[in-house]
Amino acid sequence: MRYRHPERDQIRIDGVLSALGHPVRLAAVRVLDAGGEHNCTSVLVELGITAKSTMTHHWRVLRDSGVIFQEPSGRENLLTLRRDDLDARYPGLLDAVLAGARTDEAGS
């Protein structure tokens with residue numbers, strides 16, 4: 001199974017902001033921002049989510065908006081943040097959103 005991913009020029013700001021506007025998706029993006037590929041299970045463990053089905057919708061929203069790249073690998077999916085594409089389309093946006101999330105977390 002291969003997933004459909006938007007091309008860089010098809011990524012739209014409203015989709016990106018909507019995807020990043022949900023706390024669980026934003027937390028997942030923060031995990032992926034460490035770089036490299038992550039399997040779904042490792043992200044779920046870090047987020048403290050026990051059911052994979054809980055994240056199915058969130059992965060789709062992030063993938064369809066162009067925030068992540070999701071590739072099947074055996075029984076897992078490998079996830080990668082599309083930082084280069086997002087930075088090319090909207091310079092500084094991802095850094096600003098992630099910095100804001102860190103600030104909010106520190107203030108909690």
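The model is predicted: local features need pLDDT of at least 70, side-chain atom pairs count only at pLDDT 80 or more, and totals for chains, interfaces and linings use all residues. Residues are numbered from 1 along each chain as its sequence is written, and side-chain values use heavy atoms, with hydrogens and water left out.

I begin with the helix pair. Helix H3 (residues 40-47) packs against helix H4 (residues 52-65) at an angle of about 105°, the axes lying 11 Å apart. H3 and H4 are therefore roughly perpendicular, a term for angles of 65 to 115 degrees. In this contact (heavy atoms within 4.5 Å), H3 contributes Cys 40, Thr 41, Val 43, Leu 44 and Leu 47, while H4 contributes Lys 52, Met 55 and Trp 59. By class, the contact residues are 6 nonpolar, 1 polar and 1 charged.

I turn to the largest pocket, which holds about 170 Å³ of space. A pocket here is an open set of points on a 1 Å grid where a 1.4 Å probe fits, with protein on both sides within 12 Å along at least five of seven lines; lining residues have an atom within 4 Å of a point. H4 supplies the largest share of the lining, 5 residues. Among the lining residues are Cys 40, Lys 52 and Trp 59. The lining comprises 3 nonpolar, 3 polar and 5 charged residues.

Finally, Asp 85 sits in helix H5 (residues 83-89). Asp 85 counts as buried because its relative accessibility is 17%, buried being under 20% with a 1.4 Å probe and protein chains only. Leaving aside residues up to four places away in sequence, Asp 85 touches Arg 8 and Ile 11.

Note on methods: Axes fitted to C-alpha atoms, helices over the stretch in contact; angles between N-to-C directions. Helix = DSSP H or I, 4+ residues; strand = E, 2+ residues; numbered from the N terminus. Parallel < 35°, antiparallel > 145°, perpendicular 65-115°, else oblique. Nonpolar A, V, L, I, M, F, W, Y, C, P; charged D, E, K, R; others polar. Points joined across faces, edges and corners; volume = space filled by probe spheres on them. Buried < 20%, exposed > 50% of the residue type's maximum accessible area, 1.4 Å probe, protein only.
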